[in-house]
Amino acid sequence: MATIAVTGHVNLTGASLPLVAGALAPLLARYPAAELTGMSCLAAGADTVFADAVLALGGRLVAVLPSTDYRARMLDGPHAAAFDRLLRAAAEVKVMPYRRAGATAYAAANRLLLGRAELLVAVWDGGPGGRRGGTGDAVATARAQGTPVEVVWPAGAARRPVVRSDRRGTPAGTTLGSGHDR
């Protein structure tokens with residue numbers, strides 16, 4: 001069984017999504033569908049593209065939710081619909097024991113992902129994440145514990161500029177519950 005976890009940016013541009021999907025498909029296709037398990041927090045951007053790729057190949061999806069309020073904090077919109085669809089498709093759902101989403105909950109979700117994964121796929125531009133529980137933090141932790149990391153950043157991929165946080169620490173204009181740089 002190949003268990004592969006994902007970390008990556010939530011703020012990928014719309015034009016980057018098909019580029020990332022195109023890069024993930026052959027990487028994941030290396031594993032027979034019956035042996036492929038993908039683990040994702042189902043955040044917008046990289047997590048969602050990865051989860052869709054795992055399911056498209058016939059793999060098993062494990063959803064790891066950082067907190068009990070993770071879905072409730074999301075704004076309705078395209079990502080909320082994708083989140084709900086992927087959550088229904090998940091073969092297993094793990095909810096971390098945190099009431100509220102935030103850096104501590106995201107770091108705990110990363111620990112669970114990295115504790116079960118044989119490989120971490122990082123949809124990452126290589127820049128500093130700057131946040132505990134974010135993409136850069138997950139990559140550094142994986143490397144420190146000896147978990148192989150495969151960075152996926154296809155030519156032409158880009159991120160939208162980071163928007164300043166509101167008083168609750170949630171980036172304005174982003175989907176709540178996935179406002180980290182994962």
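Trainee: What do β2, helix α2 and β3 make together?
Mentor: Helices (H or I, at least four residues) and strands (E, at least two) are DSSP runs, numbered from the N terminus. Here β2, α2 (residues 46–56) and β3 form a right-handed β-α-β unit. A crossover is right-handed if, with the strands pointing away from the viewer, the path from the first strand over the helix to the second runs clockwise. Another right-handed unit of this kind is made by β3, α3 and β4.
Mentor: Before we go on, this is a predicted model, where local features need pLDDT of at least 70 and side-chain atom pairs pLDDT 80 or more, while totals for chains, interfaces and linings use all residues. Residues are numbered from 1 along each chain as its sequence is written, and side-chain values use heavy atoms, with hydrogens and water left out.

Trainee: How many bridges join β2 to β3?
Mentor: Two strands pair if DSSP finds at least two bridges between them. Strand β2 (residues 36–40) and β3 run parallel, joined by four bridges, and Ser 40 stands opposite Ala 63. On to β4 (residues 92–95): four bridges join this strand to β3, again in parallel, with Leu 65 opposite Val 95.

Trainee: Is β3 mostly covered or uncovered?
Mentor: Buried means under 20% relative accessible area, exposed over 50%, and partly exposed in between (1.4 Å probe, protein chains only). In β3, five of the six residues are buried.

Trainee: Which residues have the most contacts inside the largest nonpolar core?
Mentor: A nonpolar core is a set of buried Ala, Val, Leu, Ile, Met, Phe, Trp, Tyr and Cys residues joined through side-chain atoms within 4.5 Å. The largest one here has 31 residues, and Leu 42, Val 64, Tyr 70 and Leu 120 have the most contacts inside it. A separate core of 17 residues includes Leu 36 and Val 121.

Trainee: Which residue forms a salt bridge with Asp 52?
Mentor: Side chains of opposite charge can pair when their charged atoms come close. For a salt bridge, a side-chain nitrogen of Lys or Arg lies within 4 Å of a carboxyl oxygen of Asp or Glu. Asp 52 pairs with Arg 85, their closest N and O atoms being 2.7 Å apart. The two sit in helices α2 and α3, 33 residues apart. By this rule there are eight salt bridges.

Trainee: Which residues are linked in a network of salt bridges?
Mentor: Arg 60, Glu 92, Lys 94 and Arg 116 are. Within it, Glu 92 and Arg 116 meet at 3.1 Å, N to O.
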